[in-house]
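User: I am new to this structure and would like a close look at one part of it. Please start with the overall picture, then zoom in.

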Amino acid sequence: EGAPVTLPVTGGTFSFTHQYLDDNPTGTASDVVTINVTLTDDDTGTDTDSATATIANVAPVIDTIAATSVNEDGTVTLSGTYHDVGTQDTHTLTIDWGEGSPVTLPVTGGTFSFTHQYLDDNPTNSASDVYTIGVTLTDDDTGSATGSTTTTITNLPPVIDTIAATSVSE
């Protein structure tokens with residue numbers, strides 16, 4: 001990862017640190033990297049060796065999640081925030097709105113906001129119904145986090161648009 005670095009050493013031992021921003025390649029929970037070392041003295045003598053390190057993915061975290069509540073036939077807004085220490089990870093959000101099939105959408109920037117229209121407050125025979133909205137945030141290295149919130153969909157009474165009566169003579 002990156003260009004070789006040349007550093008001075010003395011005293012017969014050395015210790016250096018390096019930050020790995022991602023466990024590349026993507027699609028794996030961890031990856032083994034080889035660290036190559038070449039020791040050179042002031043008379044052009046060299047020795048080389050290598051070591052391996054395992055870089056493990058850290059799963060993303062959902063920080064907040066909330067949904068608005070609406071009347072039937074209204075549109076609910078689901079919003080939230082998340083973070084991931086893997087600064088190079090990409091993310092998708094799978095949303096189960098509580099009706100129908102879940103949808104998976106890309107998210108970026110640590111925030112998300114999506115809308116969904118609820119046509120009715122199912123099941124019937126109630127003034128309102130609560131839907132649980134479940135989400136799964138997944139990074140490109142198999143890490144995931146889950147969360148949920150609720151929304152209330154309120155029934156609206158029917159409206160009579162017009163009414164007419166006819167007179168009958170007897």
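Predicted model: local features only at pLDDT ≥ 70, side-chain atom pairs only at ≥ 80, totals over all residues.

Among contacts in the protein between residues at least 6 apart in sequence, what share join residues at least 24 apart?

Analyst: Residues are numbered from 1 along each chain as its sequence is written, and side-chain values use heavy atoms, with hydrogens and water left out.

The share is 55%, among contacts between residues at least 6 apart in sequence. Contact here means heavy atoms within 4.5 Å.

Now the overall picture. The protein has ten strands and zero helices. Both are DSSP runs numbered from the N terminus: strands (E) need at least two residues, helices (H or I) at least four. Along its principal axes, the C-alpha trace spans about 125 × 20 × 20 Å. The radius of gyration is 29 Å, whereas a compact globule of 170 residues would have one near 15 Å. That radius is taken over C-alpha atoms, and the globule rule is 2.2 Å times the number of residues to the power 0.38. Buried residues make up 25% of the 170.

Asp129 is one of the buried residues. Its relative accessible area is 12%, so it counts as buried. The cut-offs use a 1.4 Å probe and protein chains only: buried is under 20% relative accessible area, exposed is over 50%, and partly exposed is in between. Asp129 lies in strand β9, which covers residues 128-139.

What surrounds Asp129? Leave out residues up to four places away in sequence, and Asp129 touches Asp121, Asn122, Pro123, Thr151, Thr152 and Ile153. Its side chain also makes a polar contact with the side chain of Ser126, at 2.7 Å. A polar contact is a pair of N or O atoms within 3.5 Å; within protein, one must be able to donate a hydrogen and the other to accept it, and residues adjacent in sequence count only if both atoms are side-chain atoms.

Asp63 sits in strand β3, residues 61-67. At 41% relative accessibility, Asp63 is partly exposed. Setting aside neighbours within four places in sequence, Asp63 is in contact with Thr81, Tyr82 and His83. The side chains of Asp63 and His83 make a polar contact at 2.8 Å.
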